[in-house]
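Below is a short report on one protein chain, written to be read beside the sequence and the model.

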Amino acid sequence: MFKARLSVYVTMVSPTNAFNFTPLLASCALVPSNFAMPATAPLEYEGSASVPLAGATTTETSHPPGTGNAFKLRYDKLVIAVGAYSQTFNVPGVKEHAHFLKDVRDARAIRTRIIDCFEQANQPTLSDVQRRNLLNFCIVGGGPTGVEFSAELHDLLHAEIERHYPSLARMAKITLYDVAPNILGNFDKSLAVYAENKFRRDGISIKTRHHVERVEKDRMFVKEQGEVPFGLLVWSTGLAPNPLIQSIDSLEKHDKTQSLFTNQNLNVITKEGHADPDVWAIGDSASIKGQLHPATAQVANQKGKYLAQKLNKIVKDQEHTKPFEFQNQGSLAYLGDWKAIYDRSSADTVKTKETGRVAWLLWRSAYFTMTLSIRNQILVPTYW
């Protein structure tokens, strides 16, 4: 955490006033009682340093809510950490008719839509075909987010929905789509197979090597399947560059992801090949040139801690030349029914793999320790 001093003026520019703990967004969308718990205060500071909040993601101009007036912000040091948007691959209709899972507002919208689907399906005037169409829940994207959302939805259907809509719950169907030959492509193959087998036992349909061609209201068209009606479509197929990053043309970018290139000290690199000593970029909006890191919260978290240490050194007029080094702590994915997978086969220290209840305990304990306030450390396990 950046420790502000009286001589330091910190300005945070953000479209929201809360921090999303993204690893818990899937469960946040579907927990039975309170789904807003992953949001917590974005910045703690010491002393009397001012930490005002502006209203949009931009470094120089922004539009505060309700004013419509742009203003300029000048800086001595700048940290770009605007994240990324959901990748749609320009599939027609996705932005208009699919749900994404990037923040708490998305989680609220998804939960509301699920309840609406069951309320509509409960109407006596509908046929069973119409009910099944409404209760067909489709998830596009076989990465950790799509898999965990499918698992959490399965838990919700069997733990809560089944009690209130017993006949409708039996009609509900969960289908996970991906263009790749297997889900969880970044995990060890044996763990991905374990996840696929568990999903099939749970009745979650997995359709790999399937390509969505377009999406319309309440239906999508899949190349290998034809027309697929749905009540809810959740789209989780990777990351697209933030519009702010797209608008920057003076810095070097990754050809494929369009993220900003940085050196090992996380300074951005100009198109002339020089590192800017006063500007850093972290998170999904940046990547270290010559290195390949997964696009996960783990990487962003470590970069944030590294940069906080560097800025604290700068404030004290001390040198901090140690380059950033990513420490791979492994990957986790929840599979439902208190089971998970834990992959440390590519970790930097102890290499291991875990499945089932042990992995679930590791999954819960890891994210529990990362919540940013004592209040949430008490309340989040309560909602689990």
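Helix α5 covers residues 144-164, 21 residues, and reaches 29 Å from its first C-alpha to its last, close to the 30 Å expected at 1.5 Å a residue. Helices here are DSSP runs of H or I with at least four residues, strands are runs of E with at least two, and both are numbered from the N terminus. The expected span is 1.5 Å times one less than the number of residues. α5 bends by about 40° at Leu157; the bend is the angle between axes fitted to the seven residues ending there and the seven starting there.

The model is predicted: local features need pLDDT of at least 70 and side-chain atom pairs count only at pLDDT 80 or more, while totals for chains, interfaces and linings use all residues. Residues are numbered from 1 along each chain as its sequence is written, and side-chain values use heavy atoms, with hydrogens and water left out.

| Helix | Residues | Length | Span | Expected span |
|---|---|---|---|---|
| α5 | 144-164 | 21 residues | 29 Å | 30 Å |
| α9 | 297-315 | 19 residues | 27 Å | 27 Å |

The buried residues of α9 include Val299, Tyr306, Leu307 and Leu311. Buried means under 20% relative accessible area, exposed over 50%, and partly exposed in between (1.4 Å probe, protein chains only). Among the elements covering the buried residues of α9 are β7 (78-80), β19 (275-281) and β20 (286-288). Just after α9, Asp317 takes a positive phi of about 60°.

Ser236 lies in the loop between β15 (232-235) and β16 (239-241). Its relative accessibility is 18%, so Ser236 counts as buried. Beyond its neighbours within four places in sequence, Ser236 is in contact (heavy atoms within 4.5 Å) with Val140, Gly141, Thr145 and Gly146.

A nonpolar core is a set of buried Ala, Val, Leu, Ile, Met, Phe, Trp, Tyr and Cys residues joined through side-chain atoms within 4.5 Å. The largest has 58 residues, of which Ile114, Phe118, Leu135, Phe137 and Phe149 touch the most other members. A second, separate core of 15 residues includes Val91, Cys138, Val212 and Val215. Cys138 is buried at 1% relative accessible area, and Cys117 is buried at 0%. The structure holds zero disulfides (pairs of cysteine sulfur atoms within 2.5 Å).

Overall, the protein chain has eleven helices and 23 strands. Of its 384 residues, 45% count as buried.
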